[in-house]
Amino acid sequence: MVKKVTENVYVIEHEEAANNVIIIGKKGVVLVDTSLFPEKAKSIAKFVREFTMKNISLVFNTHYHPDHTFGNVVFDVPVVAHTLTREKMEMFDHTYFESLGIDYFEPKLPDVLFDDTFEHEDGLKILFIHGPGHTPDSSYVYIPSESVLITGDTVINKIHPEIVSDSNLVTWLKTLEKLPKAKYVIPGHGDIGDADSIKSMSDYIVKVRKLITGELNPHDTENDPNFANREHTEMLEWSIKNLIS
């Protein structure tokens, strides 16, 4: 489903899969995250051409996870990402693909790298900013003129977030505190939100930390809307195991 955010920003939602965001510039279109499947990425490219009468001219990966990067192979354009994103993706071998149940293909690695920030200008200013926590390489997109923040998996709505072995909850909270104020907050997964989405995510991470330290009883989350109203409760147990293993 395609949802309009502003005149220049649209979200392609895939139920619980990673969101893809298109940013329409003066000359071309920026695509934020490319999905897990190249065939889906091809459909996105086709839709963008037909909808905007422009081609995707730049791709941005918010972090290295395959549901945000595997579709890169479809696009013969520069791919922007944090330096660590490329380093992580260089480790994607046959064994990694096999663990995902996907036939191996050679991933397209990011080729425009940054450490702190990267700025792209095409009729509107687009800022790519490093914001670690969910993963060490996690980054987000801020478009000041549109008051749009595209968070990647730093913010997740509707479902329990995927907290992985290289997540750092303290760093994640610091990133959430530093996120620019924006009218529209587009999460890595889930519905378009606003500043409340960031507050909910911070609350969630704080309470996960308390679950790990024993300051919070797991039963207390059953009546907490920030936990109870999220789908895929099995992800919470899985995430905590990742953090304590």
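A: Contact here means heavy atoms within 4.5 Å. The model is predicted.

Q: With that cut-off, what covers the buried residues of helix 1?
A: The cover includes strand 2 (9–12), strand 3 (20–24), strand 4 and strand 5.

Q: Which residues of helix 1 are buried?
A: They are Ala41, Ile44, Ala45, Val48 and Thr52. These residues span an arc of only 100 degrees around the axis, which puts them on the same side of helix 1.

Q: What span does helix 1 reach from its first C-alpha to its last?
A: Helix 1 (residues 38–52) has 15 residues and reaches 21 Å, close to the 21 Å expected at 1.5 Å a residue. Just after helix 1, Met53 takes a positive phi of about 60 degrees.

Q: Which unit do strand 4, helix 1 and strand 5 make?
A: Together they make a right-handed β-α-β unit. Strand 4 (residues 29–32) pairs with strand 5 in the parallel sense, over four bridges. Val30 has Leu58 as its bridge partner in strand 5.

Q: Why is strand 5 largely enclosed by the rest of the structure?
A: Four of the five residues of strand 5 (residues 56–60) are buried, so the rest of the structure largely encloses this strand.

Note on methods:
Residues numbered from 1 in each chain as written. Predicted model: local features only at pLDDT ≥ 70, side-chain atom pairs only at ≥ 80, totals over all residues. Heavy atoms only, no water. Buried < 20%, exposed > 50% of the residue type's maximum accessible area, 1.4 Å probe, protein only. Helix = DSSP H or I, 4+ residues; strand = E, 2+ residues; numbered from the N terminus. Pairing = 2+ DSSP bridges. Right-handed = clockwise from strand over helix to strand, strands pointing away. Expected span 1.5 Å × (residues − 1). Arc of directions from axis to C-beta.
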